[in-house]
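Take a moment with the sequence and the fold before reading on.

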Amino acid sequence: MLNISKVQLPLQLPTFSRSSDRILQPLWDYFLFNHYFLISSPFFPVILYFSSYFFSSLPFAVLDLLGDKVPSIHRYKIQQERRPTMRMMAKSFGRAVYNHLIFVLPAVLTQTCFMPSVALPSSAPTMVEVLIDGLASLLLFDTQYYMWHFVHHKHPQLYRWVHAIHHEYMAPFSWNTQQISIPELLTVGFWSNLDPILLKCHPFTTWCVTIFSIWMSVEDHIGYDLPWALNHLVPFGLLGGAPAHDMHHQKPNSNYAPFFSHWDRLFGTAILPGKITEKKVVSKASK
């Protein structure tokens, strides 16, 4: 019979270690003691990823369906003449479900057969480690995806075979975030798993990055320029946000970065909605 005390004893040691004064240690101990089998499961990252996508997208899907019945929010809609239908939402969400059921879950199941499980550390990360490693992960992924995205828009065959499915709709919406092809899903999944390993991130940091990056991705696709969105809260225009990515769906050869704006600025691929409007006004005035 399994002796529970023997299983829990190693997990109790960090209480007496120097890491016990870390702010996140009680929370990490709670996960270890109460949900160890869940968080140590190879399927946990998939559950965390998809649930973050679902619960981040759902409120904005409801807002899209309500439309101008909620004028306090609808006035921030970027392309007010374009509104996603229930059929469009079902198609995008169905694609995400299909990708995960047919490809992601079998891939994880196959991985468990050939790769040993990794033991979780008993010590929690410090807040500084979470912030620095988390930011490093986001910046690294942002760089990787910018290059991948740029190449796939410049190469007609790659765009048609791999990335075009994401640009089915000119006006993005929340469920559209995960409307991607299998090759793109595999690429994004590869970086999402490799980057924390390269940066030696704590599992807790990796989970935080997963949730936060999914939220940023959904926020980029919601089609609303909300004044409390991250791109307005973070100063100096460091984040592109929904306005930048909405413009990318209107002008596909612009705004390739998924989160930050520095690569688009450095390589001259940044286009802001105000600049497009300004050009239209000038052209009309010249006529």
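What percentage of the 287 residues of the protein count as buried? The figure is 41%, with buried meaning under 20% relative accessible area (1.4 Å probe, protein chains only). This is a predicted model, where local features need pLDDT of at least 70 and side-chain atom pairs count only at pLDDT 80 or more, while totals for chains, interfaces and linings use all residues. Residues are numbered from 1 along each chain as its sequence is written, and side-chain values use heavy atoms, without hydrogens and water.

Start with the build. The protein has 13 helices and zero strands. Helices are DSSP runs (H or I, at least four residues), strands likewise (E, at least two), numbered from the N terminus. Now take contacts, meaning heavy atoms within 4.5 Å. Of those between residues at least 6 apart in sequence, 72% join residues at least 24 apart. The accessible surface is about 16400 Å² (Shrake-Rupley method, 1.4 Å probe). Carbon and sulfur atoms account for 69% of that surface.

Next, look inside. A search of the whole structure turns up one cavity of 30 Å³ or more. A cavity is a set of points on a 1 Å grid over the protein atoms alone where a 1.4 Å probe fits but cannot get out; lining residues have an atom within 4 Å of a point. The largest cavity holds about 40 Å³, a volume being the space filled by probe spheres set on the points, which are joined across faces, edges and corners.

Its lining consists of M216, E219, D220, L230, N231, L239, G241 and F259. Four are nonpolar, two polar and two charged. Here Leu, Met and Phe are among the nonpolar types, Asp and Glu among the charged, and Gly counts as polar. Helices α9 (203-221) and α10 (230-233) each supply at least two lining residues. The largest share, three residues, comes from α9.

Conventions. On a 1 Å grid over the protein atoms alone, a cavity is a set of points where a 1.4 Å probe fits but cannot get out, and a pocket is an open set with protein on both sides within 12 Å along at least five of seven lines; lining residues have an atom within 4 Å of a point. Buried means under 20% relative accessible area, exposed over 50%, partly exposed in between (1.4 Å probe, protein chains only).
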